[in-house]
Amino acid sequence: MHYEESSQATKWQLSSQYELNSLREQANRRARDVLSGESSSTPDGDAENGINHNGGATVDDGDGSTPISNSSQNPDVSILCQVYGFSSSRGERPKLLLDDSTETSLETLSTPSLDPHYGPQLSSPSRGSHPLLTPSEESLLLTFYCSKIPLLIGPHATLPRCRRDAKVAASASLLFRRFYLSNSVMVHDPKTMLVAAAFLASKVEDAMLDVRYLEMGTKEMNAHVPVNEILEAEVKLLKGVDFDLLMFHPYKMVLSYTEDLRTYLKSEKGRGLVTQAGNTGGSNGNGEGDGGVVVVAGGGFRPMHD
């Protein structure tokens, strides 16, 4: 399949910053409406039923409480933990094509504190009346968590067993960001979703690894996520991205351009265009010129491989 015909170009490739921000704000408003609504049960009753007010239920395993994703005992939990797919959030409307002046004025996210009609500012009293995040704060959190993906999986992963090709880390980042186009970090823990994205990306890129290694990797990063939470979050992630796992990365194209450039620089005409700063002085037989310039050659043209 060509990129032009793929879902990444027709569905995921947003045409403007305004459309991207509108999707983030829609997910933020949805989360605010749910978190500000009164729970049908009290915190004490929830504790007895094994339910917390951070977006999930808890089970006592002897040494603490472990969040789980759903509970049939309380309908508020199922509403709070609902996953929204991208298609249902975006709808079938065409991409918005704005001119430069209009897009510049709309490229910033809304500030709820300045807009009294934006939505609730605090969670419900039964959930502690905590301040709710703004879309811009959610965006900052997503950027922070995305920066941690290469430490969990990829060529420079903290745990050697989790070291995979750079494309795996890139796929994990794409899946992670796609999920939060239609869902909020106030409802779905980004730390858990990050690990689930890494696990799913390893499958997509045919670089499978044991989920227990990812759990060990989170321990190395001092952010432990148990295996059962990773597997549950993976199902949520699949639903949130509409089960669309087709992704294109620029690595092969960049390598092709680089190889063409290197081939040209190996030619007689190309060698005369590329120089590196060297030690001052005259020619010493090692390729240094009189002007303190070294012609790039030898090890500088070692082949590159995908």
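A residue counts as buried under 20% relative accessible area, as exposed over 50%, and as partly exposed in between. The legends below apply these terms to a predicted model.

Figure 1. Leaving aside residues up to four places away in sequence, Val204 touches Leu245 and Met247. Ala172 is 32 residues from Val204 in sequence, and the C-alpha atoms of the two residues are 9.4 Å apart.

**Figure 2. Overview of the chain, with 14 helices and four strands.** The chain has 306 residues, of which 40% are buried. Among contacts with a separation of 6 or more, 67% join residues 24 or more positions apart. The accessible area of the chain comes to about 16,900 Å², and carbon and sulfur atoms supply 54% of it.

**Figure 3. Salt bridge between Glu234 and Lys203.** Side chains of opposite charge can pair when their charged atoms come close. The whole structure contains two salt bridges by this search. In the one shown here, the closest N and O atoms of Glu234 and Lys203 are 2.7 Å apart. Glu234 belongs to helix α12 (residues 227-240) and Lys203 to helix α10 (residues 190-204), so the pair ties together parts that are 31 residues apart in sequence. The two partners fall into separate accessibility classes: Glu234 is buried, at 9% relative accessible area, whereas Lys203 is partly exposed, at 35%.

**Figure 4. Salt bridge between Arg212 and Asp210.** The closest N and O atoms of this pair are 2.7 Å apart. Arg212 has a relative accessible area of 52% and is therefore exposed. Asp210, at 26% relative accessibility, counts as partly exposed.

**Figure 5. Aromatic cluster of Phe176, Phe179 and Tyr180.** Three aromatic pairs are found in a search of the whole structure. In the pair formed by Phe176 and Tyr180, the ring centres lie 5.1 Å apart and the planes meet at 65 degrees, so the arrangement is edge-to-face. Phe176 is buried, with 1% relative accessibility, and Tyr180 is likewise classed as buried, with 3%. Phe179 belongs to the cluster together with these two residues.

**Figure 6. Aromatic pair of Phe144 and Tyr145.** The search of the whole structure gives three aromatic pairs. The rings of Phe144 and Tyr145 are edge-to-face, with 5.4 Å from centre to centre and 75 degrees between the planes. Phe144 has a relative accessibility of 43% and so counts as partly exposed.

**Figure 7. Arg30 over the ring of Tyr84.** The view shows a charged group placed over an aromatic ring. The charged end of Arg30 is 3.8 Å from the centre of the Tyr84 ring.

**Figure 8. Nonpolar surface patch of Leu261, Tyr264 and Leu273.** Together, these three residues have about 310 Å² of accessible area. Tyr264 lies in helix α13, which spans residues 251-266. With a relative accessibility of 35%, Tyr264 counts as partly exposed.

Conventions: Residues numbered from 1 in each chain as written. Predicted model: local features only at pLDDT ≥ 70, side-chain atom pairs only at ≥ 80, totals over all residues. Heavy atoms only, no water. Patch = residues over 30% accessible without salt bridge, like charges linked within 9 Å, V, L, I, M, F, W, Y side chains within 5 Å. Areas by Shrake-Rupley, 256 points an atom, 1.4 Å probe, with all protein chains shown as cover. Salt bridge = Lys/Arg side-chain N within 4 Å of Asp/Glu carboxyl O. Helix = DSSP H or I, 4+ residues; strand = E, 2+ residues; numbered from the N terminus. Buried < 20%, exposed > 50% of the residue type's maximum accessible area, 1.4 Å probe, protein only. Phe/Tyr/Trp six-rings, centres within 6.5 Å; stacked < 30°, edge-to-face > 60°. Lys NZ or Arg CZ within 6 Å of the ring centre and 35° of its normal. Contact = heavy atoms within 4.5 Å.
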